[in-house]
Amino acid sequence: MAKLSAGVLVYRLSEGVVEVLIAHPGGPFWARKDDGAWSIPKGEYTDGEDPWDVAQREFAEELGLAVPPGPRTDLGVLKQPSGKLITAFAVHSDLDVTDTRSNTFLIEWPRGSGTLREFPEIDRVGWFSVARARTKLLKGQLGFLDRLMSQPDLAGLPEGT
């Protein structure tokens, strides 16, 4: 059975341009990667869990902030190249990310050293125009940007540069 993941894509309007909040994964494997490495804040869950509940939990764990209040838009499910199924929700908010802090994980690093090191799950977050997010996001998540921009209240708004 495919792995399941759920996340929240927070968006805002900045000077008439749609911007999205995305996250860069922490740890040594992602340290030197930028374009094509970012993700919506998300996490795995098991069949039977409510994807919206999971998306809120994972957002809080990865950013140290609650999902902003307000209506949510279901962006549906995208199948990733790995086979994982991601369910995403969009929430409109000009969330202040100044105080973000991620949960951490332990990994043997360097590999084979026997030394466990702690790394943040997310090492930074940022607001990007949708156009810029198209170069930052993992390829398998780009469809969520298309779905966001097709929403009636955003259709026709500029994606920025």
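Which residues are buried in helix 1? They are W52, V54, A55, E58, F59, E62 and L63, where buried means under 20% relative accessible area, exposed over 50% and partly exposed in between, with a 1.4 Å probe and protein chains only. This is a predicted model, so local features need pLDDT of at least 70 and side-chain atom pairs count only at pLDDT 80 or more, while totals for chains, interfaces and linings use all residues. Residues are numbered from 1 along each chain as its sequence is written, and side-chain values use heavy atoms, with hydrogens and water left out.

**The chain as a whole**

- Over residues 1-150 the chain is 19% helix and 39% strand, with helices (H or I, at least four residues) and strands (E, at least two) taken as DSSP runs numbered from the N terminus.
- The end C-alpha atoms of that stretch, residues 1-150, are 30 Å apart.
- An unreviewed UniProt entry carries the annotation "domain: Nudix hydrolase" over residues 1-150; UniProt positions are in the numbering used here, feature names are shortened, and annotations may be inferred rather than shown by experiment.

**Helix 1**

- Helix 1 runs over residues 51-63, and at 1.5 Å a residue its 13 residues should span 18 Å, which agrees with end C-alpha atoms 18 Å apart. The expected span is 1.5 Å times one less than the number of residues.
- Back to the buried set: W52, V54, A55, E58, F59, E62 and L63. They cover an arc of only 155° around the axis, which puts them on the same side of helix 1; the arc is that of the directions from the helix axis to the C-beta atoms.
- As background, an α-helix has 3.6 residues a turn, so residues three or four places apart point the same way.
- What do the buried residues of helix 1 pack against? Their partners are strand 1 (4-14), strand 2 (17-25), strand 3 (42-45), strand 4 (72-79), strand 5 (85-92) and strand 8 (122-129), with contact meaning heavy atoms within 4.5 Å.
- Just after helix 1 comes G64, with a positive phi of about 75°.

**Salt bridges**

- How many salt bridges does a search of the whole structure find? The search finds 12, each being a side-chain nitrogen of Lys or Arg within 4 Å of a carboxyl oxygen of Asp or Glu.
- R12 pairs with E19 in one of these salt bridges, the closest N and O atoms being 2.7 Å apart, and both E19 and R12 are buried.
- R12 also forms a salt bridge with D94, again with the closest N and O atoms 2.7 Å apart. R12 sits in strand 1 and D94 in the loop between strand 5 and strand 6 (104-108), so the pair ties together parts that are 82 residues apart in sequence.
- R134 and D146 form a salt bridge with the closest N and O atoms 2.8 Å apart. That pair links distant parts of the chain, with R134 in helix 2 (residues 130-136) and D146 in helix 3 (residues 142-149), 12 residues apart.
- R134 is partly exposed at 26% relative accessibility, and D146 is partly exposed at 42%.
- There's a network too: salt bridges link D34, D35, D123, R124, R132 and K136.

**Two buried loop residues**

- Q141 sits in the loop between helix 2 and helix 3 and is buried at 1% relative accessibility.
- Neighbours within four places in sequence aside, Q141 is in contact with S39, I40, K42, L78, Q80 and I86.
- K84 lies in the loop between strand 4 and strand 5 and is buried, with a relative accessible area of 18%.
- The side chain of K84 makes a polar contact of 3.1 Å with the side chain of E44.
- Not counting residues up to four places away in sequence, K84 touches K3, S5, K42, E44, L78 and K79.

- Most residues other than glycine have a negative phi, and most peptide bonds are trans.
- E15 isn't a glycine, yet has a positive phi of about 55°; E15 lies in the loop between strand 1 and strand 2 and is exposed at 82% relative accessible area.
- W109 and P110 are joined by a cis peptide bond with omega about -5°, and P110 is in the loop between strand 6 and strand 7 (116-120).

Notes. A polar contact is a pair of N or O atoms within 3.5 Å; within protein, one must be able to donate a hydrogen and the other to accept it, and residues adjacent in sequence count only if both atoms are side-chain atoms.
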